[in-house]
Protein chains: 2
Amino acid sequence: MTVTIPDDLVEPTGGRIVLIVMDGLGGLPNPETGLTELETANTPNLDRLALRSALGMHKPAGTGVTPGSGPGHLALFGYDPIRWNIGRGVLSALGVGFGLQHGDLATRLNFATRDAEGRIIDRRAGRPSDEENRRLVAKLREHFRAPEGVEVFFEPEKEHRLVLVVRGKGLNAELGDTDPQETGVPALPVQAQSEGARATAELVQRILDQASEILKDEPQANTVLARGFATYEPYPTFEQRFGLKGRAIARYPMYLGVARLVGMESLPISKTDEASVAMLEQNFDDYSFHFVHFKAVDSRGEDGDFAAKVKAIESVDALIPRIEALHPNVLIVTGDHSTPSAMKAHSWHPVPILISSPWVRPIDVPGFGERACMRGELGIFPAAEIMTLALAHAGRLAKFGA
Amino acid sequence: MTVTIPDDLVEPTGGRIVLIVMDGLGGLPNPETGLTELETANTPNLDRLALRSALGMHKPAGTGVTPGSGPGHLALFGYDPIRWNIGRGVLSALGVGFGLQHGDLATRLNFATRDAEGRIIDRRAGRPSDEENRRLVAKLREHFRAPEGVEVFFEPEKEHRLVLVVRGKGLNAELGDTDPQETGVPALPVQAQSEGARATAELVQRILDQASEILKDEPQANTVLARGFATYEPYPTFEQRFGLKGRAIARYPMYLGVARLVGMESLPISKTDEASVAMLEQNFDDYSFHFVHFKAVDSRGEDGDFAAKVKAIESVDALIPRIEALHPNVLIVTGDHSTPSAMKAHSWHPVPILISSPWVRPIDVPGFGERACMRGELGIFPAAEIMTLALAHAGRLAKFGA
């Protein structure tokens, strides 16, 4: 009789949990000061919180593995991202609110520009505006005739990005990208990566060819490139697994998409970080789990701008008192991965985490930062275990065994 | 769509990795000073390196498990030693450069002395010289007649040790050792440990009996004892898994054998530690992964000589600048297990590790030692994850998911 942890121990009632994610929070030291972005930032509120929190470091996808945002958030939500590996196409489709069905094949598309010889000369078609994107998608929808036996959906995302969903029987997503990842060469054909994907590869090639045919007279967006083919397998929901009614607040569709993937409700896209907190304040008591996503920390890390990442962290810190004032029983502050500004990219380094609750063993290292968290009671642990800790601190996990 | 980590994320290009192994590096404190051998050693170069390294402790084969050299090195090379458990016989056969084929049965033999009543009175036949060893093996080869249906090979190793390889169909290595591990008693018969190994047990008994018959007039080496039966299953290679062209440098055949087992190239046996570094300097740029093995640290630990183990560590430290001068992108210094001189043996204690790269979070504890490593950013982690970290630091791992 095996027990699935924590699912089989979940109690129906308990405290309210707030998960604050500063995207890309973890960093590396500034060579001049020896301090990371988080250690450099002036964060009086987080520092105060850290004094009565369990501290630690989590690994989103295992030792040495750099996670994308999808796996990073899945892990934070308690889903082992290796077991629940999700394709980018599915992530994007959910991100734009498309109602995926079990077995749907989804992929990201880019509008792109190719020259008369068929070579890709701009992989992003001059980055069209969102309005232009919608016009192009409307044109595709108007003229496209789906091949026999399948339904085909084009969904606008942002700028040069759209989503293609194919609905039909026996679709197999083991397909290579057509995006060549460089210019001056033609798009790649849709390649089946296994015997079983051959029919789907031919089908998708015809769909992409027809889309390019419809777009051929456009001055810039005269073709599409595909990457991240994936089929959709519904996840056991957050509520089924953890008995939590979850709600997601974010400024970018993708994060809402991952939250919806596990069955959380998502609020409309927020315009500012302050608006995100205002959304959290509304109907707070109607949900037992709140996920609030702050993007700028990661963006400034990816820019390679140490000082700007520091400022982005400080700006989230300033919002903490409003979140505390809602009196969540458990308040978690962490990131979905590290984005050291020295690397201008996501990295594999463990991510600092703070779990504020009455039931903690604080340490004498002051402040919220990588060094303090390395010394904390939680040690270095897999991110997918964060939800188990959250449930425990919220009084939502039964004792295991007698 | 499951992902094997790190294999499925490996990129074809990236930085160069050097893995320095001080065999048996980990130790226990001297009761008088409270410092381990590594902490006692005067290691200015390693201490300087530690200030810009990721530090941690690794567990070669799991909590509380004392590994032999084979499992210890397999783990360092990224192969979980429990999954990839390798018999000593196979290890020895590869160590002497024997070209094992899939399904070959290999075992270590000792030349031994038995008395007129058949009792083993010296399990090592007075430790013959290597030349005497070769003479005895030549005698076996000359007179031995292989049983019907199999090929039999005797290969000299060192002193009293040789290797027996049996090549044939359906050989089963679930056989007990014949070495009784004590003197004054007869050798054990070859015992099948499973039903399926019965025919192989009978076959091997006949082979060992014939060998003893050939040796019976020798004054000392008048019989052989077998231990560590194993069949050979080829491993997925280092290059297949990690995209690395690996090279091994060591002063003892066994370490070269483990490296070859995973497909690394091995240089000729080095005569001194200085010669090992000189070998590393040659054609350095032709390889993306270099493994250099230093044996004396373990040997002095096994002698129970704390001061001599300290000196052995210091002598490797003195070679570090020459290794640094080659400018590897990632330089790793660790051991394959602990060999505390207080225990005169391998032990289960985690092993200090240092990974020098630009992408680290140094701590303020100075020096390279057990205490510093216990506080380091890597925490305590399975040794088989070291290669994932090495690949990450070398820029050789793609991001997992979008």
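Biologist: What volume does the second largest cavity have?

Modeller: This is a predicted model, so local features need pLDDT of at least 70, side-chain atom pairs count only at pLDDT 80 or more, and totals for chains, interfaces and linings use all residues. Residues are numbered from 1 along each chain as its sequence is written, chains are lettered from A and ligands numbered from 1 in the order written, and side-chain values use heavy atoms, leaving out hydrogens and water. A cavity is a set of points, on a 1 Å grid over the protein atoms alone, where a 1.4 Å probe fits but cannot get out, and its volume is the space filled by probe spheres set on points joined across faces, edges and corners. For the second largest cavity, that volume is about 40 Å³.

Biologist: Which helix gives the largest share of the lining of the second largest cavity?

Modeller: Lining residues have an atom within 4 Å of a point, and here they are A:Pro29, A:Thr36, A:Glu39, A:Glu370, A:Arg371, A:Met374, B:Arg361, B:Pro362 and B:Ile363. Helices (H or I, at least four residues) and strands (E, at least two) are DSSP runs, numbered from the N terminus. The largest share of this lining, three residues, comes from helix α13 (residues 370-374) of chain A.

Biologist: Which element gives the most to the lining of the largest pocket?

Modeller: A pocket is an open set of points with protein on both sides within 12 Å along at least five of seven lines. The largest one has a volume of about 1,700 Å³, and of its 49 lining residues, the closest to the centre are A:Arg88, A:Arg108, A:Arg227, B:Gly401 and B:Ala402. Two or more residues come from each of β3, β7, α8 and α10 of chain A. With four residues, the element that gives the most is α10(A).

Biologist: How are B:Phe77 and B:Phe238 paired, stacked or edge-to-face?

Modeller: Rings of Phe, Tyr and Trp (its six-membered ring) pair if their centres lie within 6.5 Å; planes under 30 degrees apart count as stacked, over 60 as edge-to-face and the rest as tilted. The structure holds 20 aromatic pairs over all chains. In this one, the centres are 6.4 Å apart and the planes make an angle of 80 degrees, so by the cut-offs the pair is edge-to-face.

Biologist: Is B:Phe238 buried or exposed?

Modeller: Buried means under 20% relative accessible area, exposed over 50%, partly exposed in between (1.4 Å probe, protein chains only). Because its relative accessibility is 0%, B:Phe238 counts as buried.

Biologist: How far from the ring centre of B:Trp84 does the charged end of B:Arg83 sit?

Modeller: A charge sits over a ring if NZ of Lys or CZ of Arg is within 6 Å of the ring centre and within 35 degrees of the ring normal. The charged end of B:Arg83 sits over the ring of B:Trp84, and its distance from the centre is 3.7 Å.
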